[in-house]
Amino acid sequence: MKRPLPPLPRPFPVRVPALLGALLLLSSFAADAGEPPRYPRRPAWTALADAGTFAPFTFAILGDRTSGGEENWPLFDRVVDRINVKPHDFVITTGDHIPGHMEDRPLWESQWREYWDHASRLRAPLWLVPGNHDIANTACHGFWREDLGDTYYSFTHKGCLFLVLNTEEERFDGRGPMWQAMLSHAAAALKNHPNAPHTFMFFHKPMWADPRFGEDWRQLVALIGDRSCTVVAGHEHYLATERQDNLLLVIQNATGGGISLSDAKIYGGYHGYAEVSVSDAGASYTVVEPDGTRHAPEESPLCFRKQVEGLITLTAEQPPRPTSEKAWSVSGQAIASNPFPDPIAVRVRVPLPPDAGWLPAGETAGALREGKDLVLERSLAPGEAHAFPLVFTVTDDALSFPPPVTHQICHGGSWLDSEPMRMEQVPVVPLYPREAWCAVRTWRFAGPVSNGPMADEKAMRDNPRAAWPRLFAPTGHEAGPGRDSEEGRWRPATGNAAGLVNCNALMGTADLSSAFFFCEAVSPRELSTHALLYADNYAQLFVEGVLVDRAQAISAPGGFVCVPVPLKAGANRLVVKVTNNRGDWFFRFLLADPTGELDLSGNKE
């Protein structure tokens, strides 16, 4: 039996779409006559269909409401009021309705009560798309199914097909049976409605722009075929669109979620919602600000954001060189190229707190200082390139913790902040030439292994051993698979060309747990190099079963650590221990081979 939920201040906080849903919702309230009404539980709408006759209609799309912006409820309310001004057949979301990331029901219920308190004012029916904050773990996945129904579903409306998928369906078994069942549902829905005048597909994380979903997106594109289709996601909070043949791909901007606001609409940094009108001429997509200002989605192209984010290339001229027993020389560059038809200004920023251990040297010594930040700036004509020097003297203890490198550009009179793409880029001061980094493509992994609760999460940065003692307790996996007896515990895994391994896809979501990833590096001689390591949330490297204690990806200022890797002549056993706090988990691992001597062929596809 479903447990009772606390009351809401309004009698019917949200209207459920279509007659079947409404009847089921009304029956759920009627079953508890005399009780105060609760927030609605959406029934299982796996194939809710109308008569299928095409007719013009309009619906609205709400962007992400949470992940920052907790103070933005008045903005959300203004959007609801604006949607209510004109008739909409229904409203649909892009996910992330609540802060989430809980495992207990009282917090889940209180956050949803807050959401419904505002969303209930919509006059049109509301459809929900799950986000990674809503379904952050297996507990939240269960709460959603108990209270709100299916996590993915499809329906038709006036002849058009609507397909809602759940990028968080991987929480239980990665890309296993549950994920494949969702893709099968998508295939069946598309097959059963081949003549829909237009198809709309919704999910939270933009699969076409997220390297964790590359293969899944290719499968969906094949299923869509040549039909006219609009695909809408959220998650990024910035409006960014592109067209691929018959597809309009939209990352919808936030409706109250956290965002760095910008007057440059081309960058998509503003709040809004979407209004979609469907007629004989096709589907018309318009982005509307809370004040009613309207924009074509093409005003914020994804290619522009990619150009801004990828405008800087970071590389070192040579590997780090020792200058004394306890100091190193690092000589790198931030190479900026202007891809735009207009002049721009570029500003490169490197935070350098006094205790960072990174002292500007050479050409960088005279750079401008803004507080604790090192700032380099230059104007670039169209097509012009410039190499900003990144030259430092670094203490031995600090070498493994390169500081972050961010950049801004002034385009059309507005300064635009780049968003670091850590799953694809390495936005820290470079220690090695770009071509020196080698990705491991084939791993073997074991896990997940539970670490139990943290003793003090706030202390993880400064004293991780005290904050989470079990994180450092031996498990028997640190040296990799045994030569014979342990082979069954280790399964294959694949990394991409950027060294990214998606743990969600392999194991689902395992909070407060670790997994171990094994590879071999064969060296012709004894030498020392570095591994570049990044993780959501934490990572450690073991060489021949021994933890490299001095450089762990737990509290690095730029997220990435350069772990010293001592290699002996012959085969070297390397194990990355990646640990999840909560929610998504993944890691990146690249091994520096500046002289081309290492053999990673046993780990390449």
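**Exercise 1. Describe the surroundings of Val394.**

Step 1. Leaving aside residues up to four places away in sequence, Val394 touches Lys326, Ala327, Trp328, Val330, Gly357, Trp358 and Leu399; contact means heavy atoms within 4.5 Å.

Step 2. Val394 belongs to strand β20 (residues 385-395). Helices (H or I, at least four residues) and strands (E, at least two) are DSSP runs, numbered from the N terminus.

Step 3. Val394 counts as buried, at 1% relative accessibility. Buried means under 20% relative accessible area, exposed over 50%, and partly exposed in between, with a 1.4 Å probe and protein chains only.

Step 4. Pro320 is 74 residues from Val394 along the chain, and their C-alpha atoms are separated by 9.4 Å.

The model is predicted: local features need pLDDT of at least 70, side-chain atom pairs count only at pLDDT 80 or more, and totals for chains, interfaces and linings use all residues. Residues are numbered from 1 along each chain as its sequence is written, and side-chain values use heavy atoms, with hydrogens and water left out.

**Exercise 2. Locate Arg171 and decide whether it is buried or exposed.**

Step 1. The loop between β5 (160-164) and α5 contains Arg171.

Step 2. The relative accessible area of Arg171 is 1%, so this residue is buried.

Step 3. Beyond residues up to four places away in sequence, Arg171 touches several others, among them Asn132, Lys205, Asn504 and Asp584.

**Exercise 3. Find which residues of helix α6 are buried, and what they pack against.**

Step 1. In α6 (residues 214-224), the buried residues are Asp216, Trp217, Leu220 and Ile224. They lie on the same side of α6 because they cover an arc of only 95 degrees around the axis, the arc being that of the directions from the helix axis to the C-beta atoms.

Step 2. Arg218 and Ala222, on the other side of α6, are exposed.

Step 3. The partners of the buried residues are α5 (177-192), β6 (199-202), β7 (229-233), β8 (240-244) and β9 (247-251).

Step 4. After α6 comes Gly225, with a positive phi near 65 degrees.

**Exercise 4. Work out how helix α2 meets helix α3.**

Step 1. The axes of α2 (residues 73-85) and α3 (residues 105-119) come within 9 Å and cross at roughly 40 degrees. Axes are lines fitted to C-alpha atoms, for helices over the stretch in contact, with angles from 0 to 180 degrees between N-to-C directions.

Step 2. From α2, the contact uses Trp73, Phe76, Asp77 and Val80; from α3, Glu114, Tyr115, His118 and Ala119.
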